[in-house]
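Work through the exercises below with the sequence and the model open. Each task is followed by a solution in steps.

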Amino acid sequence: MTDHKAPITVYYDGACPRCRADRRRYERWAGPAAESVVWYDITGREAELASLGIDPETALRELHVRDAEGRIHRELEAYRLLMARVPRLKPLAWLIGLPLVKPLLSWLYRRWVLRRLHRQGRL
């Protein structure tokens, strides 16, 4: 993991009410650490995402986080990077990275996102 004070950019689906609520909850829990997180709403920014090397369709289905070195982390690795900055979420960041847990959570996460996008008529 990288320096928890170095800025990161979170590419999130601002058209998703649950995603916006998750962002607000994260900001509350993170306290001062939230200041080092830049939130980038991907809605309607397909060309900008593509110019950053992020497939817009994939960005709808998976959280993407750019670290301070410019590396893009996707799906659960993105969540781990984000959670590791918040003391109360660090154990969860560790847990979701475990070899037996990660594949199962990844599968569940993908199913949940696809159902949400289908329900919203966005996929």
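**Exercise 1. Describe the salt bridge between Arg110 and Glu75.**

Step 1. The side chains of Arg110 and Glu75 form a salt bridge, with 3.4 Å from N to O. A salt bridge here is a side-chain nitrogen of Lys or Arg within 4 Å of a carboxyl oxygen of Asp or Glu.

Step 2. Arg110 belongs to helix α6 and Glu75 to helix α4, so the pair, 35 residues apart, links distant parts of the chain. Helices are DSSP runs of H or I with at least four residues, strands are runs of E with at least two, and both are numbered from the N terminus.

Step 3. Arg110 is partly exposed, at 37% relative accessibility, whereas Glu75 is buried, at 12%. The cut-offs are under 20% relative accessible area for buried, over 50% for exposed, and partly exposed in between, with a 1.4 Å probe and protein chains only.

Step 4. Side chains of opposite charge can pair when their charged atoms come close.

Two notes apply throughout. The model is predicted, with local features needing pLDDT of at least 70 and side-chain atom pairs counting only at pLDDT 80 or more, while totals for chains, interfaces and linings use all residues. Residues are numbered from 1 along each chain as its sequence is written, and side-chain values use heavy atoms, with hydrogens and water left out.

**Exercise 2. Which residues does Glu75 touch, and what is its phi?**

Step 1. Leaving out residues up to four places away in sequence, Glu75 touches Glu62, Leu63, Ser106, Tyr109 and Arg110. Contact means heavy atoms within 4.5 Å.

Step 2. The phi of Glu75 is near 50 degrees, which is a positive value in a residue other than glycine. Most residues other than glycine have a negative phi.

**Exercise 3. Where does Ala15 lie, and is Ala15 buried or partly exposed?**

Step 1. Ala15 sits in the loop between β1 and α1.

Step 2. Its relative accessibility is 35%, so Ala15 counts as partly exposed.

Step 3. Beyond residues up to four places away in sequence, Ala15 touches Arg20, Asp41, Thr43 and Arg122.

Step 4. Ala15 and Arg116 are 101 residues apart along the chain, and 12 Å separates their C-alpha atoms.

**Exercise 4. Which elements build the largest nonpolar core?**

Step 1. The largest nonpolar core has 25 residues, and those with the most contacts inside it are Val10, Tyr26, Leu63 and Leu82. Such a core is a set of buried Ala, Val, Leu, Ile, Met, Phe, Trp, Tyr and Cys residues joined through side-chain atoms within 4.5 Å.

Step 2. Two or more residues come from each of β1 (8–12), α1 (17–30), β2 (37–41), α4 (75–83), α5 (90–96) and α6 (101–119). The largest share, 5 residues, is from α4.

Step 3. A second, separate core of 6 residues includes Tyr11, Tyr40, Leu49 and Ala59.

Step 4. Not counting residues up to four places away in sequence, Val10 touches Val37, Val38, Trp39, Tyr40, Leu63, His64, Val65 and Leu82.
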